[in-house]
Amino acid sequence: MISLSVNIKGDARISLLEPKDLQRLTRHAGTKVQQAVKKNFESLPGERFYKDAAEATRLEMQGDAALITVAHQGVRLRWKGSGDLPGGVVKAGKGASSHTGKPTRLLAIPAAKRMEAPGRYKPLAFEPIKNRPHLKGILLEGVEKTASRKYKDKPAGRAIIVPKPNGQLMFRLVDETEHAPNPRVIPTAEELGNVAREDAKKTLALLLRSKN
């Protein structure tokens, strides 16, 4: 999750406001910051991830502060990178699989940029990889077929997914990975501060004018 706080300070005229007007001023500025964060998400490449992040961007008031939150799994990791985590790596088992909904056994790394989670590319065929550090398997474009033989306790005739002929490599499956930060995920503190200040100046002038 990403959390950003908006507090309006630095103008002596703010002390002339009643508490309800100060909260109105802060909420208005916070809304502009929220809109700037959402607009930035919507400008980033990807089929759904950043659009979902924009939809998950919320504003709430906490006293005299406006709190903007982005409750979208993985968005802070993309912003700050794995260096923001203890140990500087992401390990399997911490999140939920987009395919099964259960804790991840492995982490899926897209083979190409702008790809989303594996659950958006069904069916996918798994192939194990041996004797490679951290790389445990790959996911290929798959097709559904009927198994001709029994396998362990699974009967013949069951539906199985096998690699599609000349199918593309879609994901590499690893047990841990490192991520470089991407500062473009969120506008800079200076940019968002300017958005809040400009809006607060306008709103403050209107609020003070209404008192005269």
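**Pocket**

I started with the second largest pocket, which holds about 410 Å³ of space. This is a predicted model, so I read everything below as computed from that model. I looked up the lining next: 24 residues contribute, and N7, L192, G193, A196 and R197 lie nearest the pocket's centre. Which elements each supply at least two residues of that lining? I got β1 (2–6), α1 (19–43) and α4 (189–210). The largest share comes from α4, with eight residues.

**Aromatics**

I searched the whole structure for aromatic pairs and got three. I looked at F41 and Y50 to begin with: their ring centres are 6.2 Å apart and the planes make an angle of 20°, so I logged the pair as stacked. The cut-off for stacking is under 30 degrees, and 6.2 Å falls within the 6.5 Å limit on the centres. Then I took F49 with Y50, where the centres are 5.1 Å apart and the planes stand at 90°, so this pair goes down as edge-to-face.

I noted that F41, F49 and Y50 make up one aromatic cluster.

**Charges over rings**

I checked for charged groups sitting over rings. R78 has its charged end over the ring of F49, 3.6 Å from the ring centre. I found K80 over the face of W79, at 4.3 Å from that ring's centre.

**Salt bridges**

How many salt bridges does the count come to? I got seven. My notes on some of them:

- I have R48 and D52 as a salt bridge, with the closest N and O atoms 2.5 Å apart. R48 has a relative accessible area of 27%, so it is partly exposed.
- R76 meets D84 in a salt bridge at 2.7 Å, N to O. I looked up both ends: R76 is at 30% relative accessibility and so partly exposed, and D84 is at 36%, again partly exposed.
- K91 and E176 also form a salt bridge, at 2.7 Å from N to O. I looked at where this pair sits: K91 is in strand β4 (residues 90–91) and E176 is in strand β10 (residues 176–177), so the link is between distant parts of the chain, 85 residues apart. K91 is partly exposed at 42% relative accessible area, and E176 is partly exposed at 22%.

I also looked for salt bridges that join up, and found R48, D52, E55 and R120 linked in a network.

**V90**

While on β4 I looked up V90, which lies in that strand. V90 is buried, because its relative accessible area is 15% and the cut-off for buried is under 20%.

I went along strand β2 (residues 57–62) and saw the side chains alternate. Which strand does β2 pair with over six bridges? I have strand β3 (residues 65–70), in the antiparallel sense. T57 has V70 as its bridge partner in β3. I logged β2 and β3 as a hairpin with two residues between the strands, and G63 in the turn has a positive phi of about 65°.

**Strands around β9**

Last, I looked up the pairings of strand β9 (residues 169–174). With strand β5 (residues 107–110), β9 runs antiparallel, joined by four bridges. In that pairing I have A108 opposite L173 of β9. I then checked strand β7 (residues 135–146), which is joined to β9 by five bridges, also antiparallel. Here L140 stands opposite L169 in β9.

Note on methods. Residues are numbered from 1 along each chain as its sequence is written. This is a predicted model: local features need pLDDT of at least 70, side-chain atom pairs count only at pLDDT 80 or more; totals for chains, interfaces and linings use all residues. Side-chain values use heavy atoms; hydrogens and water are left out. Rings of Phe, Tyr and Trp (its six-membered ring) pair if their centres lie within 6.5 Å; planes under 30 degrees apart count as stacked, over 60 as edge-to-face and the rest as tilted. A charge sits over a ring if NZ of Lys or CZ of Arg is within 6 Å of the ring centre and within 35 degrees of the ring normal. A salt bridge is a side-chain nitrogen of Lys or Arg within 4 Å of a carboxyl oxygen of Asp or Glu. Buried means under 20% relative accessible area, exposed over 50%, partly exposed in between (1.4 Å probe, protein chains only). Two strands pair if DSSP finds at least two bridges between them. On a 1 Å grid over the protein atoms alone, a cavity is a set of points where a 1.4 Å probe fits but cannot get out, and a pocket is an open set with protein on both sides within 12 Å along at least five of seven lines; lining residues have an atom within 4 Å of a point. Grid points are joined across faces, edges and corners, and a volume is the space filled by probe spheres set on the points.
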